Amino acid sequence: MEAVIEQILWASPNVKRFFLRPISDSPLLFAPGQFITLKLPDNDGGTYERSYSIANAPDESGLLELCIVLKTEGKVTPVLWEMKVQQSLEISEALGAMLLPEIWDKELCFVCTGTGVAPFRSMIGSLLANSIHQHPIHLVFGNRTEQDILYREEFEHWAKTFDKFHFYPVLSQQQWEGRKGYVHATYEQLFADGRDAHFYVCGWKAMCAEARQRLKTLGYNRRQYTFEQYDG
Ligand SMILES: Cc1cc2nc3c(=O)[nH]c(=O)nc-3n(C[C@H](O)[C@H](O)[C@H](O)COP(=O)(O)OP(=O)(O)OC[C@H]3O[C@@H](n4cnc5c(N)ncnc54)[C@H](O)[C@@H]3O)c2cc1C
């Protein structure tokens, strides 16, 4: 399917938000947490395929928002960085199995770093829009510095507006008033009692591997966590 880039916004010094409008008779349906795969031509007549989480909750606009960090040595993101509004891209249907629970009866803890927050923005946005889910929702979001905290104002606004939503930004490379270090200490502290909850973890390999180990050590089993790894 083809999609046109309708808008591009800077989200941080090295992250852009791309708003895509699929060109199709029927809207591209997706569930919060899913991703699409972009296909871009390589230099040998083939294609590069790269997946990107959908960062917005499904709504009537029909737009898909992607939140993409530039990998300067990468094959695809430098090409995306040069793209302009009105250019088009080849995209897949919505894919992926990191979905919200069918029965919303649990406390949820989302753990991510960097653009790993994209699917969680979609999932948490959907949960907050729907009053059926009454349990606490935690977002533990790790970044290097304050300027890297994507969607910060929105998450802070949600935390003020919804009693059940709790936002924990954590910084690893800047001294500040808030939480310092890595994401792991925060959810370990929050769930030190091992109470029932479901964890969603999204980001790059090293963070996911460590989170898996630490959740096991806390006593959680594989039915209580879902991972989406962005590399390797
Ligand atoms: C399900 C899923 C969802 C995803 N969602 C997102 C998302 O929402 N946002 C997002 O930003 N990413 C997301 N990703 C990651 C994304 O798919 C790409 O992997 C990422 O954008 C890098 O693509 P690239 O072609 O620029 O880099 P690649 O060419 O694939 O390179 C990968 C890495 O290797 C390094 N590298 C490559 N060549 C060299 C070299 N010669 N020297 C040194 N280093 C090198 C690059 O810097 C980069 O870090 C997702 C991945 C998956 C699997």
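Strands are DSSP runs of E at least two residues long, numbered from the N terminus. The views below show a predicted model.

**View 1. Residues and strands around the ligand.** The ligand is surrounded by 20 residues. E73, G74, K75, V76 and T77 are the closest of these. Two strands, β4 (47–53) and β5 (64–69), each contribute at least two residues to the shell around the ligand. The most comes from β4, which supplies 4 residues.

View 2. Parallel pairing joins β8 (residues 137–143) to β9 (residues 165–171) over 7 bridges. Within this pair, N143 stands opposite L171 of β9.

**View 3. The largest nonpolar core.** In soluble globular proteins, nonpolar side chains tend to be buried together. The largest nonpolar core here holds 52 residues, and F110, V111, F120 and V140 touch the most other members. Domain 1 (2–91) and domain 2 (108–229) each provide at least three residues of this core.

**View 4. Contacts of F120.** F120 is one of the residues that touch the most other members of the largest nonpolar core. With neighbours within four places in sequence left aside, F120 is in contact with F110, C112, L139, Y200 and C202.

Terms used: Residues numbered from 1 in each chain as written. Predicted model: local features only at pLDDT ≥ 70, side-chain atom pairs only at ≥ 80, totals over all residues. Core = buried A, V, L, I, M, F, W, Y, C linked by C-beta atoms within 7 Å. Buried ≥ 20, exposed ≤ 12 C-beta atoms within 10 Å, placed from the backbone. Domains from an automatic or database assignment. Contact = placed C-beta atoms within 7 Å. Pairing = 2+ DSSP bridges. Near = placed C-beta within 6 Å.
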